[in-house]
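Please keep the sequence and the structure in view while reading.

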Amino acid sequence: MSDKAILVASFGTLQEDSQRRSIGALETEAAAFFSDRTLYRAWTSAFIRKRLLSSGRTPADSTEEAIARMLRDGIRDVLVLPAFVFEGKEYRDLCARFADIQKGEKTKAGNSSASAKFEKVRIARPLLSSDEDLDDIIRFLTDSFPCRKDDEAVILMGHGTTYGLGGIYSTLD
């Protein structure tokens with residue numbers, strides 16, 4: 001086993017088909033692209049993991065569990081690929097947890113020593129992290145729905161959040 005890992009971190013989902021087609025597809029692509037790294041998975045939603053357990057299904061590790069597992073496995077170099085759209089609470093909590101570990105804090109899931117930490121941690125940014133990202137997604141969406149009549153509209157829906165997004169929704173509008 002390599003001492004390098006890629007951790008795909010997402011909110012998680014209760015829908016098996018959605019997991020396979022979205023999160024699973026991202027994990028498959030990441031594993032192929034970063035073939036020199038061992039793939040790990042973390043789902044940040046405690047609610048999703050609890051619901052899966054209560055229905056007899058096995059959820060992905062929490063962020064804490066994935067970090068502890070990587071430390072136990074001797075991983076030294078971690079590339080974190082978050083499957084988040086915005087820099088919201090889930091992303092900030094993920095970054096903070098890795099920062100805590102790098103300062104020498106133990107994981108709640110338990111790691112072998114208080115000094116266990118990674119030599120290198122790099123965390124990618126979410127999909128919409130800059131004005132350029134917003135311009136790119138607006139262009140993509142405009143190109144994806146090119147043939148509209150004046151009396152037609154396209155409605156795109158997603159869940160919202162009030163957690164420090166600084167106007168991203170209004171920019172997309």
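Predicted model: local features only at pLDDT ≥ 70, side-chain atom pairs only at ≥ 80, totals over all residues.

F145 counts as partly exposed because its relative accessibility is 35%, and partly exposed residues fall between the limits of under 20% for buried and over 50% for exposed.

The accessible surface of the chain as a whole comes to about 10,800 Å². Carbon and sulfur atoms account for 52% of that surface.

## Overall composition

The chain has 173 residues, and 34% of them are buried. Its secondary structure comprises 6 helices and 4 strands. Read from the N terminus, the order of these elements is β-α-β-α-α-β-α-β-α-α.

Contacts may also be sorted by how far apart the partners lie in the sequence. Among the contacts with a separation of 6 or more, 71% join residues 24 or more positions apart.

## The parallel sheet

The 4 strands form an open sheet in the order β2-β1-β3-β4, with parallel pairing. The edge strands are β2 (38-43) and β4, each of which pairs on one side only. On average, neighbouring strands of this sheet are turned by 20° against each other, with direction ignored.

Helices lie against this sheet. Helix α1 (residues 16-33) lies across β1, β2 and β3 and runs at about 150° to β2. Helix α3 (residues 63-72) also packs on the sheet, where it touches β1, β2 and β3. The direction of helix α3 makes about 155° with that of β2.

## Strand β3 and its partners

How many residues of strand β3 (residues 77-82) are buried? The count is 5 of 6, so the strand is largely enclosed by the rest of the structure. Strand β1 (residues 4-10) pairs with β3 in the parallel sense over 6 bridges. Within this pairing, L79 in β3 is the bridge partner of I6, and L81 in β3 stands opposite V8. Strand β4 (residues 120-123) also pairs with β3 in the parallel sense, over 4 bridges. Here R122 in β4 is the bridge partner of L79.

D77 is another residue of strand β3. D77 counts as buried because its relative accessibility is 13%, and the limit for a buried residue is under 20%. When residues up to four places away in sequence are not counted, D77 touches D3, K4, A5, R37, K120 and R122.

## Salt bridges around R97

The structure contains 15 salt bridges. In one of them, the side chains of R97 and E64 meet with an N to O distance of 2.2 Å. R97 lies in helix α4 (residues 89-102) and E64 in helix α3, so this pair ties together parts that are 33 residues apart in sequence. Both R97 and E64 are buried.

R97 forms a further salt bridge with D100, in which the closest N and O atoms are 3.0 Å apart. These two residues both lie in helix α4, 3 residues apart, which is about one turn of the helix. Through salt bridges that share partners, E64, R97, D100 and K103 are joined into one network.

## A link between two loops

Another salt bridge is formed by E87 and R125, whose closest N and O atoms are 2.1 Å apart. This pair links distant parts of the chain: E87 is in the loop between β3 and α4, and R125 is in the loop between β4 and α5, 38 residues apart. Are these two partners buried or exposed? E87 is buried, with a relative accessible area of 18%, whereas R125 is exposed, with a relative accessible area of 52%.

L128 is also found in the loop between β4 and α5. L128 is buried, with a relative accessible area of 5%. Although L128 and E87 are 41 residues apart in sequence, their C-alpha atoms are 7.6 Å apart in space.

Technical notes
Residues numbered from 1 in each chain as written. Heavy atoms only, no water. Buried < 20%, exposed > 50% of the residue type's maximum accessible area, 1.4 Å probe, protein only. Pairing = 2+ DSSP bridges. Axes fitted to C-alpha atoms, helices over the stretch in contact; angles between N-to-C directions. Contact = heavy atoms within 4.5 Å. Areas by Shrake-Rupley, 256 points an atom, 1.4 Å probe, with all protein chains shown as cover. Salt bridge = Lys/Arg side-chain N within 4 Å of Asp/Glu carboxyl O.
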